[in-house]
Amino acid sequence: ETVENTLRYTKTQAKQDKESGGREGVGLGTDTSRAGEAAVHTGVRMLQDGKSIDKIKDTLMDIANDKDTFLDKKWVNATVSTLNAIEQKIGTKNIEDVSWDTPEGREAIGVDTKLQTSSDMFVKTKDGRNVGISLKQDGSVFLNNGGWEKQSKLLLDNLKEQMPDEEHAQ
């Protein structure tokens, strides 16, 4: 429901929400980037339902053509790039579930809510892996990016007390 509402979120609704105190549970970023994230989430589910990329693009373009929505044509094109990358690298038939990177989404798919990552969404594969996906409006897609440099530093910092200095330095 949150994804669907975000995908179709309008500037009129945003103005009303701003006057009443804002929205909760929709993740970080701008209304436009969140609409793009919701488009990918929706696209993955549509692929799982057997819809073609062309049908998904047409559906999303119908939403983007409404000038009151935050979803724009650039994000629709980025969504198509992301869906193609997901299909090539993971395969829709191998996806068990899809989750937005919100506390509720992480909890639902089994990703630690405290894990620091640059992912915008996750897919859970049928073999039990959770794959983080970082989305960019320019169509660049990073699967399982996870911010390795940042995560490895955090991990090492947490192990410093438990490791010999020489090993930690290595």
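Which residues does Val123 touch, not counting residues up to four places away in sequence? I started there, keeping in mind that this is a predicted model. I found Val123 in contact with Ile90, Ile95, Asp97, Val98, Ile109, Arg129, Asn130, Val131 and Ile133.

**Core.** Next I looked up the largest nonpolar core, and it has 32 residues. Val123 is among those with the most contacts inside it, along with Val44, Leu60, Leu71 and Met121. I then checked which elements supply at least two residues each: helices H1 (2–7), H3 (31–48), H4 (53–64) and H5 (73–89), plus strands S1 (95–100), S2 (121–125) and S3 (130–135). H3 gives the most to this core, with seven residues.

**H3 against H5.** I turned to this helix pair and noted that the axes come within 9 Å and cross at roughly 40°. The crossing is right-handed. From H3, I listed Thr32, Ser33, Gly36, Ala39, Val40, Gly43, Val44 and Leu47 in the contact; from H5, I listed Trp75, Thr79, Thr82, Leu83, Ile86 and Glu87. Sorted by type, the contact residues come to seven nonpolar, six polar and one charged.

**Thr79.** Thr79 lies in helix H5. Is Thr79 buried or exposed? Its relative accessibility is 0%, so I put Thr79 down as buried. Leaving out residues up to four places away in sequence, I have Thr79 touching Gly36, Ala39, Val40 and Leu60.

Terms used:
Residues numbered from 1 in each chain as written. Predicted model: local features only at pLDDT ≥ 70, side-chain atom pairs only at ≥ 80, totals over all residues. Heavy atoms only, no water. Core = buried A, V, L, I, M, F, W, Y, C linked by side-chain atoms within 4.5 Å. Buried < 20%, exposed > 50% of the residue type's maximum accessible area, 1.4 Å probe, protein only. Helix = DSSP H or I, 4+ residues; strand = E, 2+ residues; numbered from the N terminus. Contact = heavy atoms within 4.5 Å. Axes fitted to C-alpha atoms, helices over the stretch in contact; angles between N-to-C directions. Left-handed = near helix turned anticlockwise from the far one by under 90°. Nonpolar A, V, L, I, M, F, W, Y, C, P; charged D, E, K, R; others polar.
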